[in-house]
Amino acid sequence: MTSRAELRAMEAGLMNHAKGTFEVKLTPQKPDNKEAESASVGRMSIDKKFSGDLEATSQGEMLAAMTAVKSSAGYVAIERVGGTLHGRHGTFVLQHSGTMTRGTPALSVTVVPDSGTEKLTGLTGRMTIKIDGGNHFYEFDYMLPEKD
């Protein structure tokens with residue numbers, strides 16, 4: 001969901017847009033305890049490589065839960081992204097929250113407030129992820145303070 005401030009920023013032309021592709025490698029991790037394993041909760045490490053307007057790599061952790069209902073699940077993840085966004089170098093953190101309700105996805109990927117460093121200090125925004133034919137695409141609507 002887009003906030004009122006973000007809508008005003010888009011209308012005023014202050015919102016930037018980045019897009020491209022990414023490759024992702026998910027590696028299952030050992031459950032921390034038997035209860036998590038028996039509750040169908042899994043943990044994975046995330047390694048990504050972004051190309052396009054965002055030239056970066058990221059590492060993170062994901063927790064996912066499957067349900068007894070086919071195609072229903074949920075996940076949360078945190079990943080630290082480092083690289084260059086439209087020529088500005090630095091790092092930032094993305095927070096994911098996703099659900100699948102009987103095959104219908106809902107996903108929110110947002111920049112963690114005040115997580116930007118270097119030339120990405122002050123970064124805010126939302127990322128949309130699309131998967132088509134096994135290929136991963138991103139669109140990133142973001143705002144940054146004026147360049148130095």
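**Exercise 1. The lining of the largest pocket**

Task: Find which strands each supply at least two residues of the lining of the largest pocket.

Solution. 
Step 1. Strand 1, strand 2 (41-52), strand 3, strand 4, strand 5, strand 6 and strand 7 each supply at least two lining residues. Strands (E, at least two residues) and helices (H or I, at least four) are DSSP runs, numbered from the N terminus.
Step 2. Know what you are working with. This is a predicted model, where local features need pLDDT of at least 70 and side-chain atom pairs count only at pLDDT 80 or more, while totals for chains, interfaces and linings use all residues. Residues are numbered from 1 along each chain as its sequence is written, and side-chain values use heavy atoms, with hydrogens and water left out.
Step 3. On a 1 Å grid over the protein atoms alone, a pocket is an open set of points where a 1.4 Å probe fits, with protein on both sides within 12 Å along at least five of seven lines; lining residues have an atom within 4 Å of a point.
Step 4. Count the lining. It has 24 residues, and Met62, Tyr75, Leu107, Ile129 and Ile131 lie nearest the centre of the pocket.
Step 5. Sort them. There are 15 nonpolar residues, eight polar and one charged. Here Ala, Val, Leu, Ile, Met, Phe, Trp, Tyr, Cys and Pro count as nonpolar, Asp, Glu, Lys and Arg as charged, and the others, Gly among them, as polar.
Step 6. Give the volume. It is about 660 Å³, taken as the space filled by probe spheres set on the points, which are joined across faces, edges and corners.

**Exercise 2. The second largest pocket and arginine 88**

Task: Describe the second largest pocket, then say what the side chain of arginine 88 reaches.

Solution. 
Step 1. The second largest pocket has a volume of about 210 Å³. Eleven residues line this pocket, and Asn16, Arg88, Leu144, Pro145 and Glu146 are the closest to its centre.
Step 2. Its lining divides into six nonpolar, two polar and three charged residues.
Step 3. Locate arginine 88. It lies in strand 5.
Step 4. Is arginine 88 buried or exposed? It counts as buried, because its relative accessibility is 11%. Buried means under 20% relative accessible area, exposed over 50%, and partly exposed in between (1.4 Å probe, protein chains only).
Step 5. List the partners. The side chain of arginine 88 reaches the backbone oxygen of proline 145 at 3.2 Å. A polar atom of that side chain also lies 2.9 Å from the backbone oxygen of lysine 119.

**Exercise 3. The nonpolar core**

Task: Name the residues with the most contacts inside the largest nonpolar core.

Solution. 
Step 1. The term covers buried Ala, Val, Leu, Ile, Met, Phe, Trp, Tyr and Cys residues joined through side-chain atoms within 4.5 Å.
Step 2. The largest core has 19 residues, and Leu54, Phe92, Met127 and Phe140 have the most contacts inside it.
Step 3. Strand 8 gives the most to this core, with three residues.
Step 4. Look at phenylalanine 140. Beyond its neighbours within four places in sequence, its contacts (heavy atoms within 4.5 Å) include Phe92, Val111 and Met127.

**Exercise 4. Positive phi**

Task: Where do arginine 102 and glutamate 118 lie?

Solution. 
Step 1. Most residues other than glycine have a negative phi.
Step 2. Arginine 102 has a positive phi of about 50°. It lies in the loop between strand 5 and strand 6, and is exposed at 62% relative accessible area.
Step 3. Glutamate 118 has a phi near 50°. Its place is the loop between strand 6 and strand 7, and it is exposed at 54%.

Note on methods. A polar contact is a pair of N or O atoms within 3.5 Å; within protein, one must be able to donate a hydrogen and the other to accept it, and residues adjacent in sequence count only if both atoms are side-chain atoms.
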